[in-house]
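This report walks through selected local features of one protein chain.

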Amino acid sequence: MSENLPRLYYRSQNKSQLLPGWAYFFMRLGYQLATISNDSHRIVIGLAIPTRSFACGLVATGIVFAKIGHEDSTDTVQLEYIRSLKPGTPVYIRKDNNRRLRGTIERFDEFEGEPYIYISTSNSGNRGFPLHRYASRITVSNKDFSLPKRQQSGYLAEVPGKFLLCCLGRKLAQQHILDSSFEALLVGRKSLLAHELCNIPFICRTASKPVEVEGYLQDILRVRQFHGPNKSYRTLCVSSSNTRPEKEIGTQIPPIAVFDGAIAYLKLGRKWESAHQIVLLDRTERQCVQAIEVLNQNYTYRADGDFELPVRIPDGIEMMVYRDRVR
């Protein structure tokens, strides 16, 4: 396969089997969409599928893998998010040596013509960090904390697990757990998505290392809502029943929104109108026909010009793709 996708397996009758073609279709779909810039137009993809099981997680896996190793992948969204934080916001910042410090934002300023963020890391002073370099290393704490009297040495933030090391290699795995970025927003039933991403094991196996390593899609996706706000993240998730998602994710606009099911699309499909969209519709859902009607109606107002993705559609899956003007 041309995309830089992992070779993942699942356990069946005590044997590891390579994921089937339909699973790699979803990963390729996410991968290819993530490589398309959304300036004046966005891409909307609607799929009618036999079952939504794992579809959202696999699509998101492709999206994240398309951005792994690209140093500029987090610049725009993450940088603007950090800029929007108010002085006094409690944050964690991860340094190059994988040590994590706690602090509160003091101010934004410039030093030698470069934007800096100044963070109080003790009662006796602050530290300045180049914003473009450290924006992806900052996460907001979900609670206030007290600062020590003297400057901190920090503590070990996290080490990459064996599954992530197998999928990415040591260098990329270390970068993956240090940096935060907003690559995709998953919209659906949180409990269901959390179960599929955090509880169902997958297997990584490389040609050079016959040893099999078990892990979870969450190791790759790092959904912020599923492992706490103090760790780095790559994707966010909101419930399809959440009518005010900005209370949970702020004003950030996702590059790609993945709607897991008809209810998710019907309720929040118009929320982020500059984001690429992937809509996953299970044919057995009661609201599936209604969601298809909405997609068809939106299709009639599409931007001029056809658009195709070079991906082979498996049997049993119907797909609609069109370009839409960014509003």
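Helices here are DSSP runs of H or I with at least four residues, strands are runs of E with at least two, and both are numbered from the N terminus. By that scheme P201 sits in the loop between α7 (190-198) and β11 (202-204). The model is predicted.

**P201**

P201 has 34% relative accessibility, so it counts as partly exposed. Its contacts are E214, G215 and Y216, leaving out residues up to four places away in sequence. P201 and S16 are 185 residues apart in sequence, and their C-alpha atoms are 11 Å apart in space.

**The α1/α2 pair**

Two packed helices are described by the angle between their axes and the distance between the axes. For helix α1 (residues 21-34) and helix α2 (residues 55-67), the axes come within 7 Å and cross at roughly 45°.

From α1, the residues in the contact are W22, A23, F26, M27, G30, Y31 and A34. From α2 come A55, L58, V59, T61, G62, I63, F65, A66 and K67. Of these contact residues of α1 and α2, 12 are nonpolar, three are polar and one is charged.

**Helix α6**

In α6 (residues 170-178), A173, H176, I177 and L178 are buried.

Next come two glutamines. Q252 lies in the loop between α10 (246-249) and β14 (256-260). Is Q252 buried or exposed? Its relative accessibility is 6%, and the cut-off for buried is under 20%, so Q252 is buried. Beyond four places in sequence, Q252 is in contact with V77, Q78, Y81, F182, Y233, L236 and W272. Its side chain also reaches the backbone oxygen of I249 at 3.1 Å.

Q225 belongs to helix α9 (residues 224-227). With a relative accessible area of 24%, Q225 is partly exposed. Which backbone atom does the side chain of Q225 reach? It is the backbone nitrogen of C237, at 2.8 Å. C237 is also among the contacts of Q225 beyond four places in sequence, together with K190, L236, E248 and I249. Q225 and T235 are 10 residues apart in sequence, with a C-alpha to C-alpha distance of 8.9 Å.

L236 is in contact with Q252, and L236 is in contact with Q225. I249 supplies the backbone oxygen reached by Q252, and I249 is also in contact with Q225.

**S122**

S122 is placed in strand β6. At 4% relative accessibility, S122 counts as buried. Beyond four places in sequence, S122 touches L147, P148, K149, R150 and Q151. A polar contact of 3.1 Å joins its side chain to that of S124. S122 and R244 are 122 residues apart in sequence and 35 Å apart in space, C-alpha to C-alpha.

**Exposed loop residues**

| Residue | Relative accessibility | Class |
|---|---|---|
| Q13 | 75% | exposed |
| E112 | 73% | exposed |
| T284 | 66% | exposed |

Q13 falls in the loop between β1 (8-12) and β2 (15-18). Its phi is near 55°, a positive value in a residue other than glycine. E112 is in the loop between β5 (99-111) and β6 (114-122). Phi of E112 is also positive, about 55°, although E112 is not a glycine.

T284 is in the loop between β15 (276-282) and α12 (288-299). What does the side chain of T284 make a polar contact with? The partner is the side chain of D282, at 2.7 Å. T284 and A48 are 236 residues apart along the chain, and their C-alpha atoms are separated by 9.8 Å.

Definitions and conventions
Residues are numbered from 1 along each chain as its sequence is written. This is a predicted model: local features need pLDDT of at least 70, side-chain atom pairs count only at pLDDT 80 or more; totals for chains, interfaces and linings use all residues. Side-chain values use heavy atoms; hydrogens and water are left out. Buried means under 20% relative accessible area, exposed over 50%, partly exposed in between (1.4 Å probe, protein chains only). A polar contact is a pair of N or O atoms within 3.5 Å; within protein, one must be able to donate a hydrogen and the other to accept it, and residues adjacent in sequence count only if both atoms are side-chain atoms. Contact means heavy atoms within 4.5 Å. Axes are lines fitted to C-alpha atoms, for helices over the stretch in contact, and angles run from 0 to 180 degrees between N-to-C directions. Ala, Val, Leu, Ile, Met, Phe, Trp, Tyr, Cys and Pro count as nonpolar, Asp, Glu, Lys and Arg as charged, and the others, Gly among them, as polar.
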